[in-house]
Amino acid sequence: MKKFYVTTAIDYVNAPPHCGHALEKIQTDAIARYHRLLDEEVLFLTGTDENSLKNVQAAKKEGIPTKKLVDRNSKKFYELKKVLNLSFDDFIRTTEERHIKGAQKLWLACKKDIYKKTYRGLYCIGCEEFYKESELEDGLCPEHKTKLELVEEENYFFRLSKHRDELEKIIKNDEIKVTPESRKNEILSFIKSGLEDICISRSAERAHGWGIDVPGDPTQKIWVWLEALSNYINGVEYATDEKKFKKWWPADLHVIGKGISRFHCIYWPAFLLSAKLPLPKKIFVHGYLTVGGQKMSKSLGNIVDPFELVEKYGTDSVRYFLLREIPSAEDGDFTYEKFEKRYNSDLAKGLGNLVARTLTMVEKYCDGKVPEIDKDPDSHPLRIDTKIHNWKKSWADVDKHVPNFQFNEALSSIWKFITEADRYIEENRPWDLAKEGKIKELNWILYGLLNAIHQIAWQIYIFIPETSVKIAKALKLEKLLVKDPKEKDSWTNIRPGTEVKEIKPLFPKV
RNA sequence: GCCGGGGUAGCUCAGUGGUUAGAGCGUUGCACUCAUAAGGCAAAAGUCGUGGGUUCGAGUCCCACCCUCGGCACCA
């Protein structure tokens, strides 16, 4: 059995999750579900990044212990599992023992590329941060408008420069395949401009004692990025279960946002090279979600809360919107207007209505059962007519676009088939056939429609599983109702005589 | 500033140098009734960023310019 190990970025917990986080988790969930459909053994990992100084500051502000703050917010990220119907298998927190051990093990494995050096920089006591000259406003801290101090500190550095040529080769030759191409080019141009060694520790004092100790030097904490990146190996027990680690590592895919591509496409491979560990196979860099064309941010007060959105419109509506409306590799925009438009036109009037009208006709004209037919079900025009966008074409498009993370294209093709099914109803006018008593023809039409919905239920499963399951229940599609359905089981036709249940509107119009 | 994408219908976008430039959404009209007043058919709608050039022929290739988005390191 082929294995497939996929990860998301782990999120900062100094604030609760917003819809941008939801986007990444949903995209990754669709990928994970797709690979399970293909009968691969999937491990889907996500989690939270908790050792940042920001957490210490946020907790101080609230007057609570840092640990309490990260526990509370990490829980919120975990809750996305239920709210968004995510199928992740494991959730790693960087304050967990397995992570701390793994991060330190990685450090030691990189030891020969680590050295001590004095770092000197302009430091703002208010921000507890170093600033570059270019970031200053009139020579003052942009946040506090105060003068900065020249601070010296001895830190550990990592010989990134040493790995420059090898990294360039790895990215160029797709040994780690970075998609989309534009991100790969950005990374390459960055590497070409030269790589300097990076600082990978800070003083424990400045970190307020929060974070992971440098092995053998408790006066220093490991730089959060080095440590956070190691979650991908620690999630498969790098330091704690050799057998499990061997089975799953390297990751088949890291899904990340565009803001952190450098860390994943350069630093992370460099650490792995240094530690002599295998490299991840693929990195998919998604865009960001904007709101009304603006960046989502606390200060703008335009954060879209996934919990609220799901509460109001339902899980699948949110999943559908994000996968259909946002071109996965680029930025996409959210507004309530766009959301409701999509909802009404695609979900309520599209899929929801097609299912409703079909099931009602089966109830009225066929006594609520899948009708008997006297022709080969595989010869039905909705399946094979090449003049229309038949359901085989939708399947072909799903298989073509999902592996390239083009969820919008895949969904667009499925919905093209939905339109085709609607047109098929108009052209054949089952209500007239019923009046005229042309039962054989009527049965053939309705059988084809039921089989079409059956196929749609399978095709939408990785995107909007809840709706898929609702349809599966109505049509008694047992193979789709198991825990991890397999694509090969979608090839069967539905059986005449099966009782079909009418269901409540899948997506009531808003 | 440097590098790289974009600029095509009201909106979002497709368009290997070759007929009258396409799709979806939205708008308008027509006919229908199984359906969540849903669905179908049809129509209107574009100086293809601007100005040059190459070519029998340019949205597509070349040059210049304008606008826009992203990347240009250690948020240590």
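Q: Which strands does helix α4 lie across?
A: In this predicted model, α4 (residues 97-109) lies across β10, β11 and β12. Helices (H or I, at least four residues) and strands (E, at least two) are DSSP runs, numbered from the N terminus.

Q: At what angle to β12?
A: About 100°, on a scale of 0 to 180 degrees between N-to-C directions of axes fitted to C-alpha atoms, for helices over the stretch in contact (heavy atoms within 4.5 Å).

Q: What's the strand order in that sheet?
A: β10-β12-β11, an open sheet of three strands with antiparallel pairing (at least two DSSP bridges between strands).

Q: Which strands sit at the edges?
A: β10 (201-203) and β11 (213-214). Each has a single partner strand, so one side of each lacks a neighbour in the sheet.

Q: How many bridges join β10 to β12?
A: Three, with the two strands running antiparallel. β12 covers residues 217-222.

Q: And what does Ser203 pair with there?
A: Its bridge partner in β12 is Gln220.

Q: New topic. How do α13 and α16 cross?
A: At roughly 40°, with axes coming within 10 Å. α13 spans residues 336-365 and α16 spans 407-428.

Q: Which residues make the contact?
A: From α13, Asp346, Leu347, Gly350, Leu351, Leu354, Arg357, Thr358 and Met361. From α16, Trp415, Ile418, Ala421, Asp422, Ile425 and Glu426.

Key:
Residues are numbered from 1 along each chain as its sequence is written. Chains are lettered from A and ligands numbered from 1 in the order in which they are written. This is a predicted model: local features need pLDDT of at least 70, side-chain atom pairs count only at pLDDT 80 or more; totals for chains, interfaces and linings use all residues. Side-chain values use heavy atoms; hydrogens and water are left out.
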